[in-house]
Amino acid sequence: MLTKKQHELLIFINKWLENHGVSPSFDEMKEALGLKSKSGIHRLITGLEEREFIRRLPHRARALEVLRLPDDVSISPGQKFSPRIIQGGVKNIINDTTSVEKPSIQLPILGKIAAGTPIEALSNPTNSIGVPTNLIGKGEYYCLEVEGDSMIQAGILDGDTVIIERADNAESGTVVVALVDGSEVTLKRLRKRHNSVALEPANEDYETRIFGPDQVEVQGKLAGLIRRY
């Protein structure tokens, strides 16, 4: 049986993932649960792991697998909860063993994107990749190859291929493809402030960069990733 805080944290992570496509950071979990330190979040996650509601994935920064939801959480008729991989919220479709039997669609790969120092703007498609249709919605999607390590604590590693939904706006806290000053593209978590926009890394070795609202243009939102082993 879960404690009240364990229950709150599990539901918060699950709902955040459904709404944003990425899981909350430790700071966001701490704020949502009204805790004073991240150590409390670590203890709650350990408790959820011991009760087999989540599982830590080895050799990946802050990677968790949600195994099940509490019995008192209602699920819509006909909906079946299945474990999802969240690496700071990112769905790892290689580990989805049901995907190989689903129809796939070819998405263009628009080159490389920096999860570190921004690189040149997106270019024309260099290749394409097959993505299971159950992993994307009705919008327009494309893929990018990740270069760099500034998003590793969000589970986005150098060499991953990210699936991006085209969008020109995104809620604060969403991992986005951002065009900076019309020439550089980077993959970061978007933070909207009063008169500025912050592009936040998920690696303590990198600093958050602050821009004026007219300097940053959202090019898309993270929808998932593909990892080759």
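Biologist: What are the ground rules for the model?

Modeller: The model is predicted, with residues numbered from 1 along each chain as its sequence is written, and side-chain values use heavy atoms, leaving out hydrogens and water. Local features need pLDDT of at least 70 and side-chain atom pairs count only at pLDDT 80 or more, while totals for chains, interfaces and linings use all residues.

Biologist: Why is Asp160 called buried?

Modeller: Buried means under 20% relative accessible area, exposed over 50%, and partly exposed in between, with a 1.4 Å probe and protein chains only. Asp160 has 3%, so Asp160 is buried. Asp160 sits in the loop between β7 and β8.

Biologist: What makes the pair Asp160 and Arg227 a polar contact?

Modeller: A polar contact is a pair of N or O atoms within 3.5 Å; within protein, one must be able to donate a hydrogen and the other to accept it, and residues adjacent in sequence count only if both atoms are side-chain atoms. The side chains of Asp160 and Arg227 are joined at 2.5 Å.

Biologist: Is Leu2 buried or exposed?

Modeller: Leu2 has 14% relative accessibility, so Leu2 counts as buried. Leu2 lies in the segment before α1 (4-20). Not counting residues up to four places away in sequence, Leu2 touches residues including Leu48, Phe53 and Pro70; contact means heavy atoms within 4.5 Å.

Biologist: What makes a set of residues a nonpolar core?

Modeller: The members are buried Ala, Val, Leu, Ile, Met, Phe, Trp, Tyr and Cys residues, joined through side-chain atoms within 4.5 Å. The largest such core has 19 residues, of which Leu144, Ile156, Val162, Ile164, Val177 and Leu187 touch the most other members. Strands that each supply at least two residues of this core include β4 (104-114), β7 (141-147) and β13 (216-226). Apart from it lies another core, of 17 residues, among them Leu9, Trp16, Phe26 and Leu48.

Biologist: How do you know that the buried residues of α3 are on the same side?

Modeller: The buried residues are Gly40, Ile41, Leu44, Ile45, Gly47 and Leu48. They cover an arc of only 160° around the axis, so they are on the same side of α3; the arc is that of the directions from the helix axis to the C-beta atoms. On the other side of α3, Arg43 and Glu50 are exposed.

Biologist: Why is the span of α3 called close to the expected one?

Modeller: The expected span of a helix is 1.5 Å times one less than its number of residues. α3 has 13 residues and reaches 19 Å from its first C-alpha to its last, close to the 18 Å expected.

Biologist: What makes Glu52 stand apart in phi?

Modeller: Most residues other than glycine have a negative phi. Phi of Glu52 is positive, near 65°. Glu52 is found in the loop between α3 (38-50) and β1 (54-56), and with a relative accessible area of 54% Glu52 is exposed.

Biologist: Which label does Asp181 get?

Modeller: Asp181 has a relative accessible area of 48%, so Asp181 is partly exposed. Phi of Asp181 is also positive, near 55°.

Key. Helices (H or I, at least four residues) and strands (E, at least two) are DSSP runs, numbered from the N terminus.
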